[in-house]
Amino acid sequence: MEPDCMRSGPRKKCVACKIVAHTACIGILEKKNLRCKPTFREAGLRNYREQTSMRHHWVHRRRQEGKCKQCGKSFQQRFAFQSKEIIAISCSWCKAAYHNKVSCFMMQQIEEQCSLGPHQALIVPPSWIIKLPKKGSFKSSLRKKRRSSVKKKKNKDDNRHFIIKPIPSPLLKPLLVFINPKSGGNQGAKLMHKFNWWLNPRQVFDLTQGGPKPGLDLYKKVPNLRILACGGDGTVGWILSVIDSLGLDPPPPVAIMPLGTGNDLSRTLNWGGGYADEPITKVLSHVEEGQLVQLDRWNVDVRPNEEAEIDGEEVVIDHQGVTDQLPLKIFNNYFSLGADAQVALEFHESREANPENFKSRFWNKMFYAGAGGRDMLKRSWKGLADHIQLICDGKDLTMKVQEMKLHCLLFLNIPRYASGTTPWGNPNSLGFEPQRHDDGYLEVIGFTYSSLAALYMGGHGERLVQCHEVRLKTFKPIPMQLDGEPCRLSPSTIHISLRNQANMIMKPKRRGSMPIANDPPSLPERLRIQVSRISMADYENLNYDKDKLRGASVPLGLIVVDNNSDLSQVRVIIDKLDQDDLTESSQRLTHRWCFLDSTTAERFFRIDRTQEHLHYITDISSEDLYILDPDLQSMHLPSSKDARNESEGIHCHQDNFQPELVFKFHMPVTPPKSPGLTEVSQATVSRDTAECKKPDGRRAETLFRLESKENLLLPAQPGSNNSSEPGSPVSKSPKAKESYNQFHQVSNATAEPRNRKLSTVDKGLIDAAKRGDLSKVSGSGFSRE
């Protein structure tokens, strides 16, 4: 392809198969049959009914991650920009990769059938998607002459002329992905590229191009369909409303990738408060393995309050922006009125007036905090109870609301509210049950300004009642919000009732291994694991290479945990370990640290703190346990000379430049049951030499390996039977004792400074000792000069 390259125009990269080509060279690719991976099949007289087979889509790669499927070796990366060498051949469907060698990739593999990779149950095969022909294309003799204007209109409609012909199977769970590219600070656009790479691009939809209706209408007859909503809680509600309007039966379950601000529904279903950097392949696995749960959905019927009609006109004139309808007629999370809705409405109006000032999630939350503080000082809704009437399941609670002097009323369907808080709490009193999102009940909660502030510090509101039906009357314009959509509603009568239940997918809790049937429950095993922390700078720079990132980690200490402990329990142990650390030179952990998964993907990725209870310690750690501390300073990279000295086991003092021998060991995954410090006093290494100064004046620490009392650096004393080295003297004969003494002298000689010149006899003794040839050392004729 290189000789045919025209080298004109900008280069474009296909998101489906990652082929890069100039815009002028795209036609050449078509002529040479180097096409993009097929996402559908054409309808014809011959193949309209038949099921075509799926073959690999092989692409040449100049860069490839992972290992060869044939030989198991890693791919050698070519970082030079001028390198045109093809190092790998990979399939853009199943992601299988081979070295560009005859020994690894053979011609017979070109025609092999493709399995679609590890997520084949979620991928919609191209053979299911059929592009319908133009009218009259089956009859070539008809309609040969057409008008140009009509032709253009039909060409625009051709892209939407697809039908789905699925093949039902209980093992398949086809997935539809709906993404808002503008959500999450341009996170949505990047995620769309990733999903197009892992799935069929025909099953990934942009919500800015017509919303979710075109995709749901196209796939409405596909069995076992699942949906992934990438966005906030508003995006999820939008998709659920379209599912209701289309009348899909059964309604497909919806999973969530949180890209919004609050993400309360996502937190309730264990998807977390925001997407960080979890690999897409792990997200797809969670969607496939997730548990189906129910979510109550509630109707909100609004009618004008005729009792307040006389005063209504004067009130409307004083308050601009008063409406007679709510922005939504259905809510999934909550409905509230009063103080909290006033803050949300102020934020909404300010953003509508100056959208350029509200592009950062951090500053949005800062505005919320400022608006809430100002409203708390003004106490603008201290008289809310005097302008409403509340009836729940036929019981009038108006007097109770007035006695409590509440400033806010909240009708809650899910346990989470306002970015993760729990307003209902854990009730212990009689008459109240723990909150659930599928029990057909609404929790009615009241707040004062003080209880609203305490909500973010672990408090809860005033529990009023759990009910099936609510009737609310207002006698003046009051700010209200449904699922984060605020407005100022004129005096109205509001009726809230249960609409239906939607199918949702709850993120599963990971387990390291599945128990065998009929096996008795085993006792938890105690594990000793080394904890190492990584700085944010090292994580961002070395995220592509696991080995380099491990090398940049800083050991924190050793913990002992059960193998069935989840990460929330391990966090408590690590915090205690950090508090008990008495080393002055070590930097304390900050409250923002998080766990890193080092086992389930080709790179490290962060674990959201709200999802730590879903992960076990054995799921994210196979060797050491790694944590990410954003405030930790990056490790200083040593120079080549320092690195060479460190590799040789030499550590120098800056004041006298006298080399000393320092032995370093790697911490084992599971140390021995009876640990102890290694005794290295006979090799001129003491505890004082474990800490010395670096050239820049900082203190350097050498971690000693937790090992048995036996010294592995010197052979055992004559007569001892505990040596594990082959050829070690075990008898009490004088010859063996003499051999040991000579070997001891040689081992001590290696720790002397390098500036001492060795004689030829000493060199011979050292070489013989390194080879373990004790016979030559004791009686081969070598003698000191």
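Residues are numbered from 1 along each chain as its sequence is written, and side-chain values use heavy atoms, with hydrogens and water left out. Because the model is predicted, local features need pLDDT of at least 70 and side-chain atom pairs count only at pLDDT 80 or more, while totals for chains, interfaces and linings use all residues.

We can begin with the cysteines. A disulfide is a covalent bond between the sulfur atoms of two cysteines. With a disulfide taken as a pair of cysteine sulfur atoms within 2.5 Å, the count comes to zero. For Cys91, the closest cysteine sulfur belongs to Cys94 and lies 3.7 Å away, which is too far for a bond. Cys91 is also buried, at 0% relative accessibility; here buried means under 20% relative accessible area, exposed over 50%, and partly exposed in between (1.4 Å probe, protein chains only). Cys408 is likewise buried, with a relative accessible area of 0%.

The interior comes next. In soluble globular proteins, nonpolar side chains tend to be buried together. A nonpolar core is here a set of buried Ala, Val, Leu, Ile, Met, Phe, Trp, Tyr and Cys residues joined through side-chain atoms within 4.5 Å. The largest such core holds 70 residues, and the members touching the most others are Val177, Phe195, Tyr219, Leu228, Met257 and Met504. This core lies between domain 1 (11-116) and domain 2 (162-289), because both give residues to it; the domain bounds come from an automatic or database domain assignment. A second, separate core has 45 residues, including Val401, Tyr449, Leu452 and Leu455. Returning to Leu228, its contacts (heavy atoms within 4.5 Å), leaving aside neighbours within four places in sequence, include Leu175, Leu176, Val177, Phe178 and Phe195, as well as Ala255, Ile256, Met257, Val283 and Val287.

His99 is a polar residue of interest to follow by eye. His99 belongs to strand E6 (residues 97-99), where strands (E, at least two residues) are DSSP runs numbered from the N terminus. His99 is buried, with a relative accessible area of 9%. Its side chain reaches the backbone oxygen of Ser74 at 3.4 Å, a polar contact in the sense of a pair of N or O atoms within 3.5 Å; within protein, one must be able to donate a hydrogen and the other to accept it, and residues adjacent in sequence count only if both atoms are side-chain atoms. Not counting residues up to four places away in sequence, His99 touches Cys68, Cys71, Lys73, Ser74, Phe75, Ile87, Cys104 and Phe105.

Strands pair if DSSP finds at least two bridges between them. In strand E23 (residues 478-482), five of the five residues are buried, with Ile478, Met480 and Leu482 on one side and Pro479 and Gln481 on the other. Strand E16 (residues 334-338) runs antiparallel to E23 through three bridges, and Ser336 stands opposite Gln481. E23 is also joined by five bridges to the antiparallel strand E24 (residues 485-489), where Arg488 is the bridge partner of Pro479. E23 and E24 form a hairpin with two residues between them, and Asp483 in the turn has a positive phi of about 50 degrees.

In strand E20 (residues 442-447), six of the six residues are buried. Leu442, Val444 and Gly446 lie on one side, with Glu443, Ile445 and Phe447 on the other. Five bridges join E20 to the antiparallel strand E19 (residues 408-412), and five join E20 to the antiparallel strand E21 (residues 462-467). Glu443 is the bridge partner of Leu412 and stands opposite Gln466 in E21.

Notes. Helices (H or I, at least four residues) and strands (E, at least two) are DSSP runs, numbered from the N terminus.
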